[in-house]
Amino acid sequence: MRTFWKPLAASLLCAYSIASQAGFKEEFTKKFPAAQGAQIERAFPGFYSVVKGSEIYFVRDDMSILIAGNVVDLKSNRSLTAALQAKAEDNRPKLDVAQLDLNDAIKFGQGSRRLFVFSDPDCPYCRTLEGSLSQLSDVTIYIFPFPLAQLHPNAPGVSEAIWCQADRAQAWRDYQGLAKLVSPDRLMSAWRDHLRQRGQPEQPLCANPIARNLALGEKWRIAGTPALVFEDGALIPGAVPAERIEAQLAKSHSALKGGKK
């Protein structure tokens, strides 16, 4: 998933004037305009937390140090990062999952719980997420092909080719499997060989939901992949670990069941 933190982290290596505590947020967003809209609060002595989307960082009040990763309060043995993640997810507006047309997705599994994933077949973070998804149980996963052509020019064609296969779920797995076996510069030729071996044209064409998925993603302001949407409308972007997905699955499924009583 593309982020604004790489240029931010690089810029923090330079020297900055010390910002007053009262004006830290104003000074920070002035120096880093991409942080506009982030939740910035005092975290612990000398540091502020900066939360935007699924990204959480801690920045020293003189803007000289940025901390990424899990920050733990050793006195309480509590993860400050996890607490901020939970707070951000609770405050994020819920999506209307009734707007999802499951006919526009590739279905995996037969579990009682449901998970909807907007995924780009050429997104490396989506491939990382596949590993997390494979660890889940009692879940039906709906993959909505969501190719971001500006980042991955081949993704729209690959998405359409996968959709045109008789077994879309297997075709998705086959492409991801090829991506692990060959180098990026050989992936497309390997994929075309794969299609030819199965009697398919190099670029099969058929009616597909790609444009509808992209339009819905734009409506929901999904700007990157992967994006996970849960049964209660909770959205978590990024390649999150299986433990976090499982926790949200349980929470969302329970909330949905409670609402139907």
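This is a predicted model: local features need pLDDT of at least 70, side-chain atom pairs count only at pLDDT 80 or more; totals for chains, interfaces and linings use all residues.
Q: Which residues make up strand 3, and is strand 3 mostly covered or open?
A: Strand 3 is residues 55-60, and it is mostly covered, with five of its six residues buried. Buried means under 20% relative accessible area with a 1.4 Å probe, protein chains only. Strands are DSSP runs of E, at least two residues, and helices are runs of H or I, at least four, numbered from the N terminus.

Q: How does strand 2 pair with strand 3?
A: Strand 2 (residues 47-52) runs antiparallel to strand 3, over six bridges. Pairing requires at least two DSSP bridges. V50 stands opposite Y57 in strand 3.

Q: And strand 4, how many bridges with strand 3?
A: Three, also in the antiparallel sense, with strand 4 at residues 66-68. F58 faces I67 in strand 4 across that pairing.

Q: What's in the turn of that hairpin?
A: Five residues lie between strand 3 and strand 4, and M63 in the turn has a positive phi of about 60 degrees.

Q: New topic. Which residues are closest to the centre of the second largest pocket?
A: The pocket holds about 300 Å³ of space. Of its 17 lining residues, F108, E130, L133, S134 and R173 are closest to the centre.

Q: Which helix gives the most to that lining?
A: Helix 6, with five residues. Helix 6 spans 168-181; helix 4 (124-133) and strand 9 (139-145) also supply at least two each.

Methods: Residues are numbered from 1 along each chain as its sequence is written. Side-chain values use heavy atoms; hydrogens and water are left out. Buried means under 20% relative accessible area, exposed over 50%, partly exposed in between (1.4 Å probe, protein chains only). On a 1 Å grid over the protein atoms alone, a cavity is a set of points where a 1.4 Å probe fits but cannot get out, and a pocket is an open set with protein on both sides within 12 Å along at least five of seven lines; lining residues have an atom within 4 Å of a point. Grid points are joined across faces, edges and corners, and a volume is the space filled by probe spheres set on the points.
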